[in-house]
Structure formats: C-alpha cells, structure tokens
Amino acid sequence: MEARQLRYFVTTAETLSFSEAGRRHYLSQSALSQQIKALENEIGSPLFIRTTHNVVLTESGKHLLKYARVALQALDECAARMNDIKGLHCGELKIGLTASQEPFIRETGIEFLKAYKGVKTSVCYSTIDNLMQKLRAHELDMVFSVMPSGNMDGIDYEYLLEYKLSAIMRTCHPLANRSKLSFSDIREQRLVLPEGDVKERNGLERFIGIDTGKLDVAVTINDVNAILNLLQETDMISILTAQSIISRPFLKAIEIEELSEPIKSYVFFASDTYRKLAAEQMLQMFKETAIPKAKMLLSLS
C-alpha cells in the first residue's frame, strides 16, 4: 500500500469524482482509476461503487478513509519535521487568504520568498468558510482572515491587526474629490465587490443592511487585482482596504462614514497538527512588517 495511492483514494473519496481527483493530482482519469484498482486488489475489497451517474464509498471504503487520513497526516507531519531540521532550505508552506487580506500579506510574502528560496510556497484565495474547511482537512498550513461566523472547533487563532474599509475608485471619478462618503453617496453608484469575502464581513453586512435593495452591485470578482484593474478603466466603485491600492496611483481610497468601526484580522491554524517552522517564520515576519504599518495607517485614518 503506497502513500500516493492513499492520497489518490482520499481525494476521490472526498470529491466522489474520479475525473476531479485525477485533475487535482495531474493524472488522467484512467491512470487514477488504475491506481485505485491496484489498491482495491491489495486490500481485497472494492472501495467505490461506480454507476453511470455517481460514485459512492463502500463500507470498506468508509473504514479505509478514516485510517488513510490519519496515516497521511502522520506522513506529512514527519516530512514537515524533517524539513524543519534542515533549516527552511526545503519543504512547503500552504497559505490561505481571503481577498481582503492580500494587501497586508503581500510585502511579507515577498520578503519570505526572498529569504527562504528553498521553501515551495502556495497561496489559496477563497471564501472564509472554504478556507476553514481546507485548514481542518490539512490542505492548508495557515489562514489569514477575519473571524468566521461558524463553528471554530479544531481551529486555533491569534489576533493580528485592525483595519478599515474604504470606497475605492479612480482619481478622476466624480466622487474622488470628497474627503468622506456616506451610504447615500454611493448607493446609486455601480459597485464591484469581492465575491464571498468582503460582503460576508460584519462591517459590510451592517452597511448593506441599511438598504440592500438600493445597492447596485454590478459585478462580483474573487480576485482583488482584477477588481482594481476594472476600477482603473471604469467609473465603478469597490469597497476594500485602503492598503489595497498601494502602487496604484490612479486609484483613490475614501473613508465611508458607516464603516468607521475597525475590522479585526486573525491568523488560523488547525489545532491537531504540527505547526511548521515555515509557518511560524511567516507569522513572525508578518508581525514585524505588516502590523506596524497597518497600525500607522489606522491611526492616520
């Protein structure tokens, strides 16, 4: 029984799709099916019931899934500890971010990549709920986000910083000469918002709750840079952090009166797994670079 076969099996069991599991592991569906078949032959029992419409775990598959997850977590932890012994000259760091956190982590991420060239770093942008699910499944090592509204069992977290949301628009926008804006100022404007991120946060929920029907949300996009590119070419407005327009001289951030209360940001880890040295180092660098700048910007706003 090989570790790679267990990984293929777990992914297939979680997605209940041979084609999706193959895509995630960069295998053709037939190649992945052959690996699952070899695992079934070794165990002596089918792991899936395949029909023309769906894929279902057998009783043997359900039992194997539980133990396979434990075994793979132990293997990953072993690999992480061995990589840490080598002093961050190799290994992998998987980071999760909601769109609002990208401006804060950007500089830290660049400095980390320069300092630890041997560490393979991957970044996943997604919604809060999806990131928490991936963290619990040990698909991510750490997540930077606001506090989720759901169950926090199995998750450790640490408060990092506070920030405010602003109206973001191009400098030639008709409202760009204002020092402050209110809900009434922008409710008739066409908005582009981050999909499944900003609109889920408590601060913006209160804002939208004033009169949801009169907000003209024309576009939702799950990438902050794509939003900023769109803002530079149109008279649309978005609601993001002021930090998001750093290095964007043609965009302007204006305070929104109803969003004057700061929003708190946290870092999250899975409670039941080994915390990698790379994750600890990333967090320490974030505290040394991003947090002081965020506090300074908040005091000036």
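A3, L6, R7, F9, V10, A13 and E14 in α1 touch G61, L64, L65, A68, R69, L72, L75 and D76 in α4, with contact meaning heavy atoms within 4.5 Å. Heads-up: this is a predicted model, where local features need pLDDT of at least 70, side-chain atom pairs count only at pLDDT 80 or more, and totals for chains, interfaces and linings use all residues. Numbering starts from 1 along each chain as its sequence is written, and side-chain values use heavy atoms, leaving out hydrogens and water.

**The α1/α4 pair**
- The α1 and α4 axes come within 9 Å and cross at roughly 125 degrees, so α1 is oblique to α4 (under 35 degrees is roughly parallel, over 145 roughly antiparallel, 65 to 115 roughly perpendicular, and the rest oblique).

**The largest pocket**
- It has a volume of about 1,500 Å³; a pocket here is an open set of points on a 1 Å grid where a 1.4 Å probe fits, with protein on both sides within 12 Å along at least five of seven lines.
- The lining comes to 44 residues (an atom within 4 Å of a point), and R7, D76, K94, H138 and E139 lie nearest the centre.
- Elements giving two or more lining residues include α1 (3-15), α4 (59-85) and β13 (263-270).
- α4 contributes the most, with ten residues.
- The lining divides into 17 nonpolar, eight polar and 19 charged residues.

Technical notes
Grid points are joined across faces, edges and corners, and a volume is the space filled by probe spheres set on the points. Helices (H or I, at least four residues) and strands (E, at least two) are DSSP runs, numbered from the N terminus. Ala, Val, Leu, Ile, Met, Phe, Trp, Tyr, Cys and Pro count as nonpolar, Asp, Glu, Lys and Arg as charged, and the others, Gly among them, as polar. Axes are lines fitted to C-alpha atoms, for helices over the stretch in contact, and angles run from 0 to 180 degrees between N-to-C directions.
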